[in-house]
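This briefing covers side-chain packing, ring pairs and helix contacts in one model. The points are grouped by topic.

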Amino acid sequence: MTDDSVREQRSAGLDALSKDEVAEIKRLNGEYRKRHGFPFIIAARRHTKSQIFVELRRRVGADSASEFNEALEQIGFITKLRLRALATDR
């Protein structure tokens with residue numbers, strides 16, 4: 001992961017998961033990738049840990065075309081936040 005990704009995940013509390021949370025996120029990420037063919041993408045800075053879990057649980061069951069569009073939207077949010085951080089020296 002990039003330094004930005006690590007910071008973003010830390011800001012959402014994903015660096016302090018319980019054993020059960022680690023197991024669940026691994027399972028859900030695996031199901032998501034298997035179903036949709038690409039990794040789960042979410043703008044972590046815009047969500048709390050619990051919101052990310054809710055979104056992952058919900059989105060794993062979505063249709064892949066909708067998820068592809070959602071992933072692109074999330075990439076847009078991530079890019080915008082990162083560019084804003086660069087422009088303001090974080």
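In this predicted model, the charged end of arginine 46 sits over the ring of phenylalanine 77, at 3.8 Å from the ring centre. A search of the whole structure also finds three aromatic pairs.

**Aromatic pairs**

- Tyrosine 32 and phenylalanine 38 form an edge-to-face pair, because their planes stand at 80°, over the 60 degrees required; the ring centres are 5.9 Å apart.
- Phenylalanine 38 also pairs edge-to-face with phenylalanine 68, with 6.0 Å from centre to centre and 80° between the planes.
- This second pair links distant parts of the chain, since phenylalanine 38 lies in the loop between α2 and α3 while phenylalanine 68 belongs to helix α4 (residues 64-87), 30 residues apart.
- Ring pairs join Tyr32, Phe38, Phe40 and Phe68 into a cluster.

**Nonpolar core**

- The largest nonpolar core has 14 residues.
- The residues with the most contacts inside this core are Ala12, Leu14, Ile25, Tyr32, Phe40, Ile52 and Leu56.
- Helices α2 (19-36) and α3 (49-59) each supply at least two residues of the core.
- Isoleucine 25 is in contact with Leu14, Leu17, Phe53 and Leu56, leaving aside its neighbours within four places in sequence.
- In soluble globular proteins, nonpolar side chains tend to be buried together.

**Packing of α2 and α3**

- The axes of α2 and α3 are 10 Å apart, and the two helices pack at an angle of about 35°.
- The crossing of α2 and α3 is left-handed.
- On the α2 side, the contact is made by Glu21, Glu24, Ile25, Leu28, Asn29, Tyr32 and His36.
- On the α3 side, the contact is made by Lys49, Phe53, Leu56, Arg57 and Arg59.
- Ile25, Tyr32 and Leu56 take part in this helix contact and are also among the residues with the most contacts inside the core.

Key:
Residues are numbered from 1 along each chain as its sequence is written. This is a predicted model: local features need pLDDT of at least 70, side-chain atom pairs count only at pLDDT 80 or more; totals for chains, interfaces and linings use all residues. Side-chain values use heavy atoms; hydrogens and water are left out. A nonpolar core is a set of buried Ala, Val, Leu, Ile, Met, Phe, Trp, Tyr and Cys residues joined through side-chain atoms within 4.5 Å. Buried means under 20% relative accessible area, exposed over 50%, partly exposed in between (1.4 Å probe, protein chains only). Helices (H or I, at least four residues) and strands (E, at least two) are DSSP runs, numbered from the N terminus. Contact means heavy atoms within 4.5 Å. Rings of Phe, Tyr and Trp (its six-membered ring) pair if their centres lie within 6.5 Å; planes under 30 degrees apart count as stacked, over 60 as edge-to-face and the rest as tilted. A charge sits over a ring if NZ of Lys or CZ of Arg is within 6 Å of the ring centre and within 35 degrees of the ring normal. Axes are lines fitted to C-alpha atoms, for helices over the stretch in contact, and angles run from 0 to 180 degrees between N-to-C directions. A crossing is left-handed if the near helix is turned anticlockwise from the far one by less than a right angle, and right-handed if clockwise.
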